[in-house]
Amino acid sequence: MKGFIDLHLRPNLEERVEIERIIKRAAELGYRAVGVSLPQEKLQERAREIRKICSDLDIDFISRIDLEPRNSLELLRSLRFLRRRVEVIAVKCLSKSVARQAAKDRRVDILSFSPIDLRRRFFDSAEAELASKTQVSLEFDMAPLLYLHGNQRINLLWKMRIETIIARKFDVPIVLSSGVSEAWLLRKPEDYASLGYLFGLDLENAKKAISENPKKIVERNRRKLSPNYVAPGIYVIRRGKDCPK
Amino acid sequence: MPKIVRRRYIAVRIDSDQTIERKDFIRAVWSSILRLFGEYGASQTELKMIDYDPTKGLAVLRCSHKALPMIKASIPCITHIGASPVTIHVERVSGTLKALRRKLSI
């Protein structure tokens, strides 16, 4: 898998035309793979439908689920149930206890926070330290930077700038995603990389945040989801007739 | 000896269902720069519109090379011109107008 990846598209899944429009737009803008946020109910059915659209448009599909647990227990329960079913698990942290639990759990891939309620952005040094040990990434959705104005955007940029400094200090991978629900809000990957300037992310790291960092997450999880995966470091190389006698 | 002014030429692509007037486009760019960087920041950009083709949806802007990251960050932030939703992308950046036209093959 090469090129740019948008890990977070949020089309209205009830309307097939809307899904097609947004994925087609992503392909036109130069993305090689897209992650679409799926609902927990009808997960496999929706994934199959979107995978078909993506293969018709020659773009790689990444299944993703966004969890919004109310407490740590709910998060653990969801992770146990969903980890073997989707390629990317993102946790929207609505409380500090959930944020801490998500950061220290290896089954979580992405931490995301509210773009509007800034008191609920719990990405501080303690959170970053936990996340750096488990390779959990911090996700920034770019869409709010486009549709928010005035004080809301000023405060969001300020928070993102602080979080970028903390993430870089503790070596937490940053993922830039669009987070769009409508096709016209989608921008080119290079445009998103340029927006990184607004919160202190240099161009090189911003490009990594749209290409290499999401790619690492997806490849790691696809390896784990493959039938050849046994345990960390143990893979089936040959089976059945492939085995030498 | 006067210092040589280093400039950058930026080609941008405008995606919209409606034809966007030249003055509306440049007003939207200035407004986005002002909202993000304020009047002091906008004064440092030395922004000028060089060329505009509403039929192709292509525009060429000139700015100071130091202000290039500001312009590149401001342009994707434009979501509407008037009432119509638009998407504006940076196509190419070059140090000379000649090279930019060559890269764009126009």
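Analyst: Let me begin with a definition: helices are DSSP runs of H or I with at least four residues, strands are DSSP runs of E with at least two, and the numbering starts at the N terminus. The model is predicted, with local features requiring pLDDT of at least 70 and side-chain atom pairs pLDDT 80 or more, while totals for chains, interfaces and linings use all residues. Residues count from 1 along each chain as its sequence is written, chains are lettered from A and ligands numbered from 1 in the order written, and side-chain values use heavy atoms without hydrogens or water.

User: Good, thanks. Where is the place of Ser177(A)?

Analyst: Ser177(A) belongs to strand β7 of chain A, which covers residues 174–177.

User: And why does Ser177(A) count as buried?

Analyst: The scale calls a residue buried under 20% relative accessible area, exposed over 50% and partly exposed in between (1.4 Å probe, protein chains only). Ser177(A) has 1% relative accessibility, so it counts as buried.

User: What does Ser177(A) touch, not counting residues up to four places away in sequence?

Analyst: Its contacts (heavy atoms within 4.5 Å) include Asp6(A), Leu7(A) and His8(A), and also Glu139(A), Phe140(A), Asp141(A) and Met142(A).

User: What makes the side chain of Ser177(A) a polar partner of another side chain?

Analyst: A polar contact needs a pair of N or O atoms within 3.5 Å; within protein, one must be able to donate a hydrogen and the other to accept it, and residues adjacent in sequence count only if both atoms are side-chain atoms. The side chains of Ser177(A) and Glu139(A) make such a contact at 2.7 Å.

User: Let's move to the loops. Why is Asp58(A) called exposed?

Analyst: Its relative accessible area is 71%, so Asp58(A) falls in the exposed class. Asp58(A) sits in the loop between α2 (43–56) and β3 (60–67) of chain A. Its phi is positive, about 55 degrees, although Asp58(A) is not a glycine.

User: Which class does Asp171(A) count as, buried or exposed?

Analyst: Exposed, because the relative accessibility of Asp171(A) is 61%. Asp171(A) lies in the loop that links α7 (150–169) to β7 in chain A, and this non-glycine residue has a positive phi of about 60 degrees.

User: How do you know that chain A agrees with a compact globule?

Analyst: The radius of gyration is taken over C-alpha atoms, and the globule rule is 2.2 Å times the number of residues to the power 0.38. With 245 residues, a compact globule would come out near 18 Å; chain A has 18 Å, so the two agree. Chain A contains ten helices and nine strands, and its C-alpha atoms fill a box of roughly 70 × 40 × 35 Å along the principal axes. Buried residues make up 51% of the chain. Among contacts in chain A with a separation of 6 or more, 73% join residues 24 or more positions apart.

User: What about chain B: how many helices and strands are there?

Analyst: Chain B has three helices and six strands, in the order β-α-β-β-α-β-β-β-α from the N terminus. Its radius of gyration is 14 Å, close to the 13 Å from the globule rule for 106 residues, so chain B is as compact as a globular protein of that length. The C-alpha trace of chain B spans about 50 × 35 × 20 Å along its principal axes, and 47% of its residues count as buried.

User: Why is Asp51(B) called partly exposed?

Analyst: Asp51(B) has a relative accessible area of 31%, so the class in between applies. Asp51(B) is part of strand β2 (residues 48–53) of chain B. Leaving aside neighbours within four places in sequence, Asp51(B) is in contact with Leu58(B), Ala59(B), Val60(B) and Arg101(B). With Arg101(B) there is also a side-chain polar contact of 3.1 Å.

User: Why is Thr79(B) called buried?

Analyst: Thr79(B) has a relative accessible area of 11%, which means that it is buried. Thr79(B) is in the loop between α2 and β4 (80–81) of chain B. Beyond four places in sequence, Thr79(B) touches residues of both chains, among them Leu146(A), Trp184(A), Leu185(A) and Arg187(A) together with Ser84(B), Pro85(B) and Val86(B).

User: Last one: what makes Ala67(B) count as buried?

Analyst: Its relative accessibility is 2%, so Ala67(B) counts as buried. Ala67(B) lies in the loop between β3 (58–64) and α2 (68–74) of chain B, and, neighbours within four places aside, Ala67(B) is in contact with Gln44(B) and Thr45(B).
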